[in-house]
Amino acid sequence: MPVSVKIFKEYDIRGIYPDEINKEAAYEIGRAFCAYLNKKNPKITVGRDARLSSPELSEAFIKGCLEQGGRISDLGIITTPALIFSVNLLKADAGAIITASHNPSEYNGIKLTGKEAVSIPPKELLNYLKIKSPSRGKGGFLEKKDILSSYVDFLSSFAKKEISGQFRLVADASNGAAGEILKLLFNKLGISYWPLFFEPDGNFLNHPPDPLKKESQQKAKETVIHRGADFGFVLDADGDRIVFLDEKGKEIRGDLMIAFLTDHLTKKGDRVLTDSAASRIVFDTAKEKGAKAERVRTGHLNIENAMRKKKSPFAGEVSGHYYFKDFFSSSSGLLTLIYVLNILSGLRKTFSRALESYEKYFHSREYNFKIKDQKTAEEIIAVLKKKYAAGKQSLIDGLTVEYPEWWFNIRPSHTEPVIRLNIEADKKSLLQEKIKELASLVNGN
């Protein structure tokens, strides 16, 4: 059975199990991955998330690698950031994690990384899949490896001593891969917490593994309020995204978090990177610090590459990804948490009060419109490009149009058949007017 080209997305390999991605595909991808690495007996770390299909896909992927002479360290259930850490800890040539991140349970996929955890564009493997019978390698072997204590030690090294005993948190692991790491980390740091859904369960019966969904935040919100916690957070299934809730149980927007972290983690001359949906407050905050904020194309691959090229110490996406130079220019939900704890311990303010100064503009949040195909998205963008020709335009990621009192970005998703619209304005009345106006134009196509 040939491997479907459609599962090779811009950022990772992803599809519905078993129709689009299955053990046959994972086996072939494992073989192709080793051929792509072009090294005798490449050392590869392999992990998986908690999905029900992940053990089968992981076993098949590892089998494909072993047949090409790969030396495999099987890490078991881990988060994507832990996989990234493992590549550097073990000085591996590459790493792979079987995961579909925040997607529903019927999905699965593979994220690939090379030496020093530099992400690999999935489509680079396509030519190697065409080789029907790649030469069988010799010397392949498999070992089980537990890196969790080393990973927790690494994360803990970023924490200030002052945070011990100071916070009471609500922690929601979404029945994903982060539960065990959270237990070890909080015990080491002396953090009191109420655990939610720490047990790995690929059915995701308690709520979707996407922390941006309101139903995913509901239990954490209720628990924060009921317990009087300092704040709460929800991780996605593979632990690289984090969404924060303040002491009132209110979701904190990702771009407000980017501004908050920019304010406290950057210095004069730094360059902060963010995505096309982020509020102007990120740019205002960077400017006040003597730093510079810059929009780059959405997606972890794009942001990681831009960070390395521009020597950026920090980047953030509105979706809950926060990237740090100190974490291999990759995103980590738990390192973000530690930085937040460090900052709040010094401010001696509630989370909501600490964020008040960043709530300057009125933002629509993201609107998603279903589309038939890429051509439809291109047609919609062409209409809006012409309609708003008087504004300052950028095509870095879809179409961004800026006016003095408002701006919008519209871009096609690379993972779903939707086009995403974000709008921001200086006044609430202007925002409402532009939401109605743009939604009408998008729906008309």
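Me: Is the crossing in which H1 passes H2 left-handed or right-handed?

Reply: In this predicted model, where local features need pLDDT of at least 70, side-chain atom pairs count only at pLDDT 80 or more, and totals for chains, interfaces and linings use all residues, H1 passes H2 in a right-handed crossing. A crossing has that name if the near helix is turned clockwise from the far one by less than a right angle, and is left-handed if the turn is anticlockwise. Residues are numbered from 1 along each chain as its sequence is written, while side-chain values use heavy atoms, with hydrogens and water left out.

Me: Which residues in H1 and H2 meet?

Reply: Contact means heavy atoms within 4.5 Å, and the residues that meet include Ala26, Tyr27, Ile29 and Phe33 in H1 and Leu57, Ala60 and Phe61 in H2. The whole contact divides into nine nonpolar, two polar and five charged residues, where Ala, Val, Leu, Ile, Met, Phe, Trp, Tyr, Cys and Pro count as nonpolar, Asp, Glu, Lys and Arg as charged, and the others, Gly among them, as polar.

Me: Why are H6 and H11 called roughly parallel to each other?

Reply: Helix H6 (residues 179-189) and helix H11 (residues 333-347) pack at an angle of about 25°, with their axes 12 Å apart. Angles under 35 degrees count as roughly parallel, and H6 and H11 are therefore described that way. Their crossing is right-handed. The contact is made by Ile181, Leu182, Leu185, Phe186 and Leu189 of H6 together with Leu334, Leu337 and Ile338 of H11, and by class these are eight nonpolar residues, with no polar and no charged ones.

Me: What makes H8 roughly parallel to H9?

Reply: The angle at which H8 packs with helix H9 (residues 280-288) is about 5°, and their axes are 8 Å apart. That angle makes the two helices, H8 and H9, roughly parallel. Among the residues that meet are Leu256, Ile258 and Ala259 in H8 and Ile281 and Val282 in H9, and the contact as a whole divides into six nonpolar, two polar and two charged residues.

Me: How many cavities of 30 Å³ or more does the structure hold?

Reply: The structure holds three of them. A space is called a cavity if, on a 1 Å grid over the protein atoms alone, it is a set of points where a 1.4 Å probe fits but cannot get out, and a residue lines it if an atom lies within 4 Å of a point. A volume is the space filled by probe spheres set on the points, which are joined across faces, edges and corners, and the largest cavity has about 50 Å³. Of its 13 lining residues, Val243, Ile252, Gly254, Val318 and Tyr322 are the closest to its centre. Strand E10 (242-245), a DSSP run of E with at least two residues, gives the most to this lining, with three residues.

Me: Which residues line the second largest cavity?

Reply: The lining consists of Asp275, Ser276, Arg295, Val296, Ser394, Ile396, Asp397 and Thr400, around a space of about 40 Å³. By class, this lining has two nonpolar, three polar and three charged residues.

Me: What is the volume of the second largest pocket?

Reply: The volume is about 310 Å³. Of the 19 residues that line this pocket, the closest to its centre are Lys250, Arg253, Leu256, Glu359 and Tyr361. A pocket, in contrast to a cavity, is an open set of points with protein on both sides within 12 Å along at least five of seven lines. The lining divides into seven nonpolar, three polar and nine charged residues.

Notes: Axes fitted to C-alpha atoms, helices over the stretch in contact; angles between N-to-C directions. Helix = DSSP H or I, 4+ residues; strand = E, 2+ residues; numbered from the N terminus. Parallel < 35°, antiparallel > 145°, perpendicular 65-115°, else oblique.
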